[in-house]
Amino acid sequence: MTVMEQRGAYRPTPPPAWQPRTDPAPLLPDAEPYRVLGTEAAAGADPELLRRLYAELVKGRRYNAQATALTKQGRLAVYPSSTGQEACEVAAALVLEERDWLFPSYRDTLAVVARGVDPVEALTLLRGDWHTGYDPHAHRVAPLSTPLATQLPHAVGLAHAARLKGDDVVALAMVGDGGTSEGDFHEALNFAAVWQAPVVFLVQNNGFAISVPLAKQTAAPSLAHKAVGYGMPGRLVDGNDAAAVHEVLADAVRRARAGGGPTLVEAITYRVEAHTNADDATRYRGDAEVETWKQHDPIALLERELTGRGLLDEAAAESVRQDAETMAADLRARMNQDAALDPMDLFAHVYAEPTPQLLEQREQLRAELAAEAEPEGTQ
Amino acid sequence: MTTVAVKPATMAQALTRAMRDAMAADPSVHVMGEDVGTLGGVFRITDGLAKEFGEDRCTDTPLAEAGILGTAVGMAMYGLRPVVEMQFDAFAYPAFEQLLSHVAKTRNRTRGKMPLPITIRVPYGGGIGGVEHHSDSSEAYYMATPGLHVVTPATVADAYGLLRASIASDDPVVFLEPKRLYWSKDAWNPEEPTAVEPIGRAVVRRSGRSATLITYGPSVPVCMEAAEAAQAEGWDLEVVDLRSLVPFDDETVCASVRRTGRAVVVHESGGFGGPGGEIAARVSERCFHHLEAPVLRVAGFDLPYPPPMLERHHLPGVDRILDAVGRLQWEAES
């Protein structure tokens, strides 16, 4: 039968392979960032959790200040501060169970410390005596990732592997707004959704990728909206509201644990300090903007809630400050000791067994060091 | 080639068998890549694995090489032993950031606390009439990256043995498969397959006294042919099959060159910045007083891989190899 003969019976149809897809509506983020503090939702928040968050925020702020001071004293090569972003850093760490995994970026040493890693080990990379200073398996914290967004597919693979093994493990991966432009962000979210991997992606939208504002980074309605294209829910949260960040992340972790697949969380926050101590933020933003954000400070927001509800008195606040000072003093004292360096370590871990070529080079360096150690004129 | 002959097998069959045996022996071995499941891979190297071990063990991934290798890193962090297939040499490039910044560095970065036992299989090289982006020799990129092993078989038995050893290795291995040898046949006894260990040992494929051809992968059979043809010219050539570019077997290579006093490095990869420069330098540094002539290179030209109708002019062939051998200053001897 020719097409001409068929014509009378022909009814237009969609392409044969087309099927109605998932309804995108439930995946869409809320119109406004979700908030708890200062809203009706605050009444439902667990007072113990709020007090714990507060203590960690204060400690986190002090940690950031101490680390920045250490750069000025030459004890750290560089420090990318998370001052102003402590709510995200702390909530990301607290929301996980011990068996879960955290995948931090280079700005997330506070989350690493809040997860239980020794601050000196967390800062090894930035001190420069080695790269990763902690054993990733000890606290289930992946190495701090400097190449942007490259840690996201790692989180997906790890979560996928855990699920294949039948283990109840969730991976939480952290990335910044700039990192969402990287190809690895796209590939990680796509793999996670296709595999329904138990992963939570936390984007800290702190306004800037070094100097470049978000408007030059994306034309998306929000970063959370990007989730919809992958078929996973996107959540938008006030990143300076520690109770809200904790709740949204806890929901996402619960969902992942229950087999519901990945979630993308965009936390709206602000990088109060420059990109690092080596950066000059006055070249790309004004003081007025920074001041506006200081009025929306994560510690102040939580403190107002706690004191307003009688959950924090001056004595308790003082005790929290004292704990933070103790942590800072300990960190300062230990970072002021010179790091123990063994140049032979350079060759020890490139491979399980050094190659013959590395063994030769190790002997070369050993001989050079021995010659250096010889007193002048003994040859 | 001296293996006990039971029946001829192809390199493709040996590679498939290596993965099958590794998966059967160790439940942590997972194969992943584009089209590796239902289809069995575009070269059919993973044929039957998904059927035998299930799609969780042999997984068709989304089409994204950085995502494939990046998720393999995460799987290895959790104790799995991923075997990743990159569909073609030139399609592996999107994964370079994961390879260079994580796969190669994570053991060192973590002082050995987080080894990444990942095998990355890459069909490479030309000679199959492939159109653009299907015939690259990418080994120099991998060789230049500390933390990676770079392995390439030239025989059926080695294909099995080196792939088993690579999968068993606790270090990441870039396993370069000479795609034009996939269907080459060799006498091989698949009833007694064995791993070739340790990774990093070259082998003398043909003994000779006049000069050494140092080569690997797809150029090994070409050099063997050249060595046969050279007999007519009165040259008795030795052929060293490197098998592993990293680690590099200085010992076997230099022992051969010290015996013969002359050497030609042969590979498809471009000569400028290619493996041959490194090999020639190593030989010159170590065997200078044994050399009767400069170490020569027969390599692909320094150009983007040619279109298939012109590739025969680019690839090192028997005549070009014999020309190089002829330039090894024989007149100085007489």
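Hi everyone, let me start with one pair of residues: A:Leu102 stands opposite A:Leu172, which belongs to strand β2 of chain A. Before I go on, please keep in mind that this is a predicted model.

So, where does that pair sit? β1(A) and β2(A) run parallel, and three bridges join them. In β2(A) we are looking at residues 171–176.

Now let's step back to the sheet in chain A. How many strands form it, and in what order? Five strands, in the order β1-β2-β3-β7-β6, make up an open sheet with parallel pairing. At the edges you'll find β1, residues 101–103, and β6, residues 234–238, each pairing on one side only. On average, neighbouring strands here are turned by 20° against each other, ignoring direction.

Let's move on to where the two chains meet. Chain A brings 34 residues to the contact, and chain B brings 37. Which helices of chain A supply at least two residues each to the side touching chain B? They are α7 (136–139), α8 (151–164), α9 (183–195) and α16 (356–373). Of these, α8(A) gives the most, with ten residues. And what classes of residue are on that side of chain A? There are 19 nonpolar residues, twelve polar and three charged.

Definitions and conventions
Residues numbered from 1 in each chain as written. Chains lettered and ligands numbered in written order. Predicted model: local features only at pLDDT ≥ 70, side-chain atom pairs only at ≥ 80, totals over all residues. Pairing = 2+ DSSP bridges. Helix = DSSP H or I, 4+ residues; strand = E, 2+ residues; numbered from the N terminus. Axes fitted to C-alpha atoms, helices over the stretch in contact; angles between N-to-C directions. Contact = placed C-beta atoms within 7 Å. Nonpolar A, V, L, I, M, F, W, Y, C, P; charged D, E, K, R; others polar.
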